[in-house]
Amino acid sequence: MSQKVIEAAIKDKKMICPKCNQPVTKYEKYIDMCGSVWDGAGDSGMQTQGSMVTLICGNAGCSWEERTEFWDSYIEE
Ligand SMILES: [Zn+2]
């Protein structure tokens, strides 16, 4: 589940703030976005899955925060 991934990434300091390059310290307002999108062509309903979260840097001197569904792009491997 995505929320577990986000939690783990923050805990392991792998969620990196793009502004100060320090680990993001917290997140807020996690929501799952699961829904079917009807594409209108036959019966090929497309299942979308994603999640939206607000990432908050929280490091001293940095006010970066971002509401994003592309949170995985901030995780460093
Ligand atoms: Zn930062």
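Among contacts in the protein chain between residues at least 6 apart in sequence, 52% join residues at least 24 apart. The structure is a predicted model, and its protein chain contains 1 helix and 3 strands, which follow one another from the N terminus in the order α-β-β-β. Of the 77 residues of the protein chain, 13% count as buried.

**Confidence**

- Averaged over the protein chain, the pLDDT is 88, and 82% of the residues score at least 70.
- Within the protein chain, strand β2 (residues 46-56) has the lowest confidence, with a mean of 82, whereas strand β3 (residues 65-68) has the highest, at 97.
- Where pLDDT is low, predicted coordinates should not be read in detail.

**The two sides of helix α1**

- In helix α1, which spans residues 2-11, the buried residues are Ile6, Ala9 and Ile10.
- These residues lie on the same side of α1, because the arc that they cover around the axis is only 95 degrees.
- The other side of α1 carries the exposed residues Lys4, Ala8 and Lys11.

**The largest nonpolar core**

- The largest nonpolar core has 10 residues, namely Ile6, Ala9, Ile10, Met15, Cys17, Val24, Val53, Leu55, Cys57 and Trp71.
- Two or more residues of this core come from each of α1 and β2, and α1 gives the most, with 3 residues.
- Val24, a member of this core, touches Ile10, Met15, Ile16, Cys17, Leu55, Ile56, Cys57, Gly58 and Tyr74, when residues up to four places away in sequence are not counted.

- Asp12 is placed in the loop between α1 and β1, and it counts as exposed because it has 11 C-beta neighbours inside 10 Å.
- The C-alpha atoms of Asp12 and Pro23 are separated by 8.8 Å, the two residues being 11 residues apart along the chain.
- Lys13 is also found in the loop between α1 and β1, just after α1, and although Lys13 is not a glycine, its phi is positive, at about 60 degrees.
- Lys13 has 12 C-beta neighbours inside 10 Å and therefore counts as exposed, the cut-off for that class being 12 or fewer.
- From C-alpha to C-alpha, Lys13 and Val24 are 7.0 Å apart in space, and they are 11 residues apart in sequence; Val24 itself belongs to the largest nonpolar core.
- A positive phi is also found at Lys29, a residue other than glycine, where the value is near 55 degrees.
- Lys29 has its place in strand β1, which covers residues 26-37, and Lys29 counts as exposed because it has 9 C-beta neighbours inside 10 Å.

- Leaving aside residues up to four places away in sequence, Trp64 touches Cys17, Lys19, Cys20 and Cys57, of which Cys17 and Cys57 are members of the largest nonpolar core.
- Trp64 and Pro18 are 46 residues apart in sequence, and their C-alpha atoms are 8.3 Å apart in space.

- Along the chain Tyr74 and Pro23 are 51 residues apart, and their C-alpha atoms are separated by 9.7 Å.

Notes
Residues numbered from 1 in each chain as written. Predicted model: local features only at pLDDT ≥ 70, side-chain atom pairs only at ≥ 80, totals over all residues. Buried ≥ 20, exposed ≤ 12 C-beta atoms within 10 Å, placed from the backbone. Helix = DSSP H or I, 4+ residues; strand = E, 2+ residues; numbered from the N terminus. Arc of directions from axis to C-beta. pLDDT = per-residue confidence, 0-100. Contact = placed C-beta atoms within 7 Å. Core = buried A, V, L, I, M, F, W, Y, C linked by C-beta atoms within 7 Å.
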